[in-house]
Amino acid sequence: MSAVECLPSWRSGIVRFASLCLSIAAISCATATTKLRTDQLPTAGGDGQGYRFENLAGGKDENKLFVCLAFSGGGTRAAALAYGAMLALRQTHIDWPHKGENLLGEVDCISSVSGGSFPAAYYALYHDRIFQDFESRFLYRNIEGGLLLKALSPWNWPWLLSPYYSRIDLAADMYDDALFDHSSYNLLISQKRRPFVIFNATNIGSGNRFPFTQDQFDLIGSDLGPYPVARAVAASSAFPFLLSPITLENYQPLQGFPVLTEYQTGLQDYYINRSRYYWSQAQLAYVDTPHPYVHLMDGGLADNIGLRSIINAYEQSNGFISRNIPDIDRLVVIAVNARTQSNDTISNSRHTPHIIPTVAMATATIAMDNYSFDTVDFTNELADELKQAEEVSAQSGGKLKLHAPVPYVIELSFEAIPDPRVRQDFYGIGTNFDLPSDQVKALINMGCVLLKNDPEFRCMLADIENEAAGHPDSASACNDPTKVSNPMAAQKIVCPDPGRWPGNS
């Protein structure tokens, strides 16, 4: 007879339950990454198999109008605002470069952070189905309550006892069950369809942005294909102090892994381009001085709008925008920025703030907002560079043979709401994943309204309509700030009912 069988029945049951818990916990672990095979190694130029922009369908004609979206962090509020903007894009019908298209169908890339990653992932996986069930499956759902219930369920305790499974893994599994239907990146690869979606997390070991693309996974010797999309979204939205990091294994050094030209070239740019130099240095560290693990948290810690991945794609010589610049006539970047307005309540008290949670939360959120301003400014600088190149090319009479696409940088923010009281009400909406339905409804409407009324968006549509009519202006309509554009495409956008929140305004 065993020692357990000698115990009273109730004690024996407890021992058996504890043993079962420990046994399950011992084998419980989060989804592992998959090591690259030799035939999957990239070329020195960064080409290869897997989830890369160049492996998706679309040729030169598809690149004439090149549209990238950036969805910021901010919980359900960011997701709803982005979704509202997508509703407006779907209703924006254009006849150039393809007749009868809608602007959402022309989107080539989406770069997202945190809350914005949920609509980005859903659209990339399921396309127009997002307008059928995303609202009920996510926006109007109490995601936080669902996560709490899973954490409190006794059958999940053995997994949470494991050192290899934590709160973020529980969240990722819930997203997989409730929203993403256990889809991996292999589904995105097999569809071979744009948009190319980039979920951005932050490597908390280095503080650098970590985008979920095969280019980035090459650096840790891993195949992104089998990796669940839900886990990438979870890593992007793992807000510090509330959720734990997601951990990836770094398989480097890999035998036969090539010397990647782009990063080696960047290391020569210390005196020319410090940003490119330090970026190259950080990327090569995964290969040259590898740590066995990479721990990822909320992408907003490095860039709370998601614009830096788009900037990178333009700046780097092997970036997917840079590679296609010769084919791009109009480059459109739309940033849906659901940032908060920081209210300084700490300075009202003489007492030193508590490290946790007051200082910790303030450090994270203020840093996110500061990065947001820097990123938007940087993107506008790139737009200015393109405009200058366009003017130089025009003045040379084509002698320089310099092709520069006409740039449009559109930022949607609550700051554009004309009524200051309504603006403050929207800024006051929480950045959690459980919002009242009337606020969700108002956010969806506002995302649509902000895009429909944005001056840069409207003048961009006026340019496209002129192009489609066969008489494009020599200069963009956006170059004249006094000119009010009223394109037909914008007039036809009908935004959804805003409801009665806030108040009766």
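Trainee: What makes arginine 323 partly exposed?

Mentor: Keep in mind that this is a predicted model. The relative accessible area of arginine 323 is 33%. Buried means under 20% and exposed means over 50%, so arginine 323 counts as partly exposed.

Trainee: And how do you know which class aspartate 47 belongs to?

Mentor: Run the test again: aspartate 47 has a relative accessible area of 30%. That value lies between the cut-offs of 20% and 50%, so aspartate 47 is partly exposed as well.

Trainee: Why is the pairing of arginine 323 with aspartate 47 called a salt bridge?

Mentor: Their closest N and O atoms are 2.8 Å apart, and the criterion asks for a side-chain nitrogen of Lys or Arg within 4 Å of a carboxyl oxygen of Asp or Glu. Side chains of opposite charge can pair when their charged atoms come close.

Trainee: Which parts of the chain does arginine 323 tie together with aspartate 47?

Mentor: Arginine 323 sits in helix H15, residues 320–324, and aspartate 47 in the loop between strands S1 and S2, so the bridge ties together parts that are 276 residues apart in sequence.

Trainee: How many salt bridges turn up in the whole structure?

Mentor: A search finds 18. One of them is arginine 194 with aspartate 108, with closest N and O atoms 2.6 Å apart. Arginine 194 is in the loop between helix H9 and strand S6, and aspartate 108 is in strand S5, 86 residues apart. Both residues are buried.

Trainee: What makes aspartate 463 and arginine 330 a salt bridge?

Mentor: Here the closest N and O atoms are 3.9 Å apart, and the cut-off is 4 Å, hence the label salt bridge. Aspartate 463 is in helix H19 and arginine 330 in strand S11, 133 residues apart. Aspartate 463 and arginine 330 are both buried. There's also a network, in which salt bridges with shared partners join Arg129, Asp133, Arg137 and Asp181.

Trainee: On to helices. Why are H4 and H11 called roughly antiparallel?

Mentor: The axes of H4 (residues 117–126) and H11 (residues 229–236) cross at roughly 160 degrees, coming within 10 Å. Angles over 145 degrees count as roughly antiparallel, so that is the label for H4 and H11. The crossing is right-handed.

Trainee: Which residues meet there, between H4 and H11?

Mentor: From H4, you have Ser117, Phe118, Ala121 and Leu125; from H11, Val229, Val233 and Ser236. By class, that contact has five nonpolar, two polar and no charged residues.

Trainee: How do you know that H4 is mostly covered?

Mentor: Count the buried residues: 10 of the 10 in H4. Among them are Pro119, Tyr122 and Tyr126. After H4 comes histidine 127, whose phi is positive, near 55 degrees.

Trainee: Last one: what makes leucine 139 count as buried?

Mentor: Its relative accessibility is 0%, and buried means under 20%, so leucine 139 counts as buried. Leucine 139 belongs to helix H5, residues 130–139. Leaving aside neighbours within four places in sequence, its contacts include Thr76, Tyr83, Phe134 and Ile444.

Conventions:
Residues numbered from 1 in each chain as written. Predicted model: local features only at pLDDT ≥ 70, side-chain atom pairs only at ≥ 80, totals over all residues. Heavy atoms only, no water. Axes fitted to C-alpha atoms, helices over the stretch in contact; angles between N-to-C directions. Helix = DSSP H or I, 4+ residues; strand = E, 2+ residues; numbered from the N terminus. Parallel < 35°, antiparallel > 145°, perpendicular 65-115°, else oblique. Left-handed = near helix turned anticlockwise from the far one by under 90°. Contact = heavy atoms within 4.5 Å. Nonpolar A, V, L, I, M, F, W, Y, C, P; charged D, E, K, R; others polar. Buried < 20%, exposed > 50% of the residue type's maximum accessible area, 1.4 Å probe, protein only.
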